[in-house]
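Here's a quick briefing to read with the viewer open.

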Amino acid sequence: MDHTPRRIFAMISAGMRDEVLKSNTPWYCVSCYFCTARCPQDIHITDIMYTIKRIAVEEKFYDNSKASDFSKTFINWVENYGRSFELGLMGIHMLRHNPFGVFKIAGMGVGMVTKGRMGFTPTKIKDIDGLKAILAKAKQLEAQS
Amino acid sequence: MIYSYFPGCSLEKNAASYNISSIATSTALGMEFVEVEDWNCCGATEYISLNLTASFALIARNLAQATKNDSIKQLVAPCSACYLNLRKCDKYMNESPKFATKINLALAEDGLSYQAGTLKIRHLLDVVVNDVGLEAVKAKVVKPLHGLRIAPYYGCMIVRPDFGKDKKDGPTFDNTEYPNTLDELLKVLGAEVVDFPYKAHCCGGHMTQISESTGFELIRRLIKGADDYHADMIVTLCPMCQLNLDGFQGPMNNYFKTGYKMPVLYFTQMMGLAFGIEPTKLGFGSELVSARQALSKIGVEVPEPEIPEQKPRPKKDDKSLPMPQIPKKSG
């Protein structure tokens, strides 16, 4: 983490836009909402971290792609099937970023498969075309705002 | 009591044991669940980091699907991430009519719409403890979990964030930092409940995939915490927490050269055992860290999981000879 969350907020107040967007701090946020629950000023800190991530991805500020790629791979399955797909997600993500890491967690993977906890094929929802239309429209609205 | 039911992607496969034990125990408690028709993924914590409008439109499609059955006004989610996302979407659409209009404009592409506030979104634990009630749960207990030390684990998204500060939505159903609902429920089931200091700390979420050292440290803290308190097992209510604590416990042990063997089970599985439901009907055996030893304390034998037979997929245009097989004698 290159800046503490407190410093990130001070940097936002100081208008240090590029430095904030380049920071890896928001990518360490695990969405536990402890800060939001504790903030005496009722600031939605977690949501602001999401916003920083979003702008950083959009404007290509954040160059360590491992974190943002995970979100993209996850969502790619959701956008095309309507449901998430763990095996496909972990497989693609590991091949891209840590191919040798596969051996380290091979035992876990075998366990998940033999216990019937990991499917080999993604599930597709019935109205995937409807969902795709909704998401396309939403993206168009997002671009306008 | 009838509720709309949103299982979520995890409960389809990875947390299938949570799904079947949720349905088995809620049926025993007299609740009826109607699954949301053709539901989709809630986007977890990933979509919102990429596209705001699309992420909420994705969630809102589920809310719209759930209102198709207009006699049911409550939506139950057993997964904490789904629960939070559904709740957050309803809340933000309620707060900002402009945002709600935008989301509905997207939903209209598929002839759907959602009026904020139509559904009350609940977590399964909330419904069991506050709608059914601890007295009614107690009345169903035939095999109390006497002698079992349990560390109750809530994770983050069931009690946080607290949208209740502005009094519009009502507070979360339990304390945001030190919840107690699951503790009380487990006590009613006869278990000895550990006052677990990490009960609402984070399991690491997706961190195992993007920063191993961070993810494993968050998992280690929780497992070590439960072990320090001599818990026989951790009981949780979130599929992501279960996957991290159970599935990644092995890789975490390798990373820190530790040897923890802490079983992690769902509260519905333990509730089912106390109700005298067959362990096979509660999905036991699919956990990676064996719960055999812990459960033998209450005289329960863990069955081997039934592994669905994987049929080998025939290769396309396969011209090679098939594997020879001894022909079965007929008659």
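What follows is a short tour, going from confidence and overall build down to single residues.

This is a predicted model, so local features are only called where pLDDT is at least 70. Chain A comes as domain 1 (5-58) and domain 2 (65-144), and chain B as domain 1 (2-122) and domain 2 (142-296). The two chains meet in a contact that takes 53 residues from chain A and 53 residues from chain B.

**Chain A: confidence and build**

- Chain A has an average pLDDT of 90, and 99% of its residues score at least 70.
- Within chain A, helix 9 gets the highest confidence, at 96, while helix 7 (residues 101-104) gets the lowest, with a mean of 76.
- Chain A is more spread out than a compact globule, because its radius of gyration is 18 Å, well over the 15 Å that the globule rule gives for 145 residues.
- The C-alpha trace of chain A spans about 50 × 40 × 30 Å along its principal axes.
- The centres of domain 1 and domain 2 of chain A, taken over C-alpha atoms, are 25 Å apart.
- As for burial, 34% of the 145 residues of chain A count as buried.
- If you take the contacts in chain A between residues at least 6 apart in sequence, 49% of them join residues at least 24 apart.

**Where chain A touches chain B**

- To recap the count, 53 residues from chain A and 53 residues from chain B take part in the contact.
- On the chain A side, the elements giving two or more residues are helix 3 (34-38), helix 4 (45-58), helix 5 (65-81), helix 6 (86-97), helix 8 (106-114) and helix 9 (128-144) of chain A.
- Helix 9 of chain A gives the most to that side, with 10 residues.
- By class, the side of chain A that touches chain B splits into 24 nonpolar, 14 polar and 15 charged residues.

- In chain B, 4 strands make up an open sheet with parallel pairing, in the order 6-5-7-8.
- Strand 6 (192-193) and strand 8 (264-266) of chain B are the edge strands, and each pairs on one side only.
- Strand 5 (residues 149-153) of chain B pairs with strand 6 of chain B in the parallel sense over 2 bridges, and B:Arg149 stands opposite B:Glu192 in strand 6 of chain B.
- Helix 10 (residues 239-247) of chain B is largely enclosed by the rest of the structure, because 9 of its 9 residues are buried.
- The buried residues of helix 10 of chain B include B:Met240, B:Leu243 and B:Leu245, along with B:Gln242, B:Asn244 and B:Asp246.

- Most residues other than glycine have a negative phi, and most peptide bonds are trans.
- The peptide bond from B:Arg160 to B:Pro161 is cis, with omega near -10°, and B:Pro161 sits in the loop between strand 5 and helix 7 (181-188) of chain B.
- A:Ser31 isn't a glycine, yet it has a positive phi of about 60°; look for A:Ser31 in the loop between helix 2 (17-22) and helix 3 of chain A.
- B:His230 isn't a glycine either, and has a positive phi of about 55°; B:His230 is in the loop between helix 9 (212-228) and strand 7 (233-236) of chain B.
- Which of these is buried and which is exposed? A:Ser31 is buried, with 22 other C-beta atoms within 10 Å, whereas B:His230 is exposed, with 9 other C-beta atoms within 10 Å.

Definitions and conventions: Residues numbered from 1 in each chain as written. Chains lettered and ligands numbered in written order. Predicted model: local features only at pLDDT ≥ 70, side-chain atom pairs only at ≥ 80, totals over all residues. Domains from an automatic or database assignment. Contact = placed C-beta atoms within 7 Å. Nonpolar A, V, L, I, M, F, W, Y, C, P; charged D, E, K, R; others polar. pLDDT = per-residue confidence, 0-100. Rg over C-alpha atoms; globule rule 2.2 N^0.38 Å. Buried ≥ 20, exposed ≤ 12 C-beta atoms within 10 Å, placed from the backbone. Pairing = 2+ DSSP bridges.
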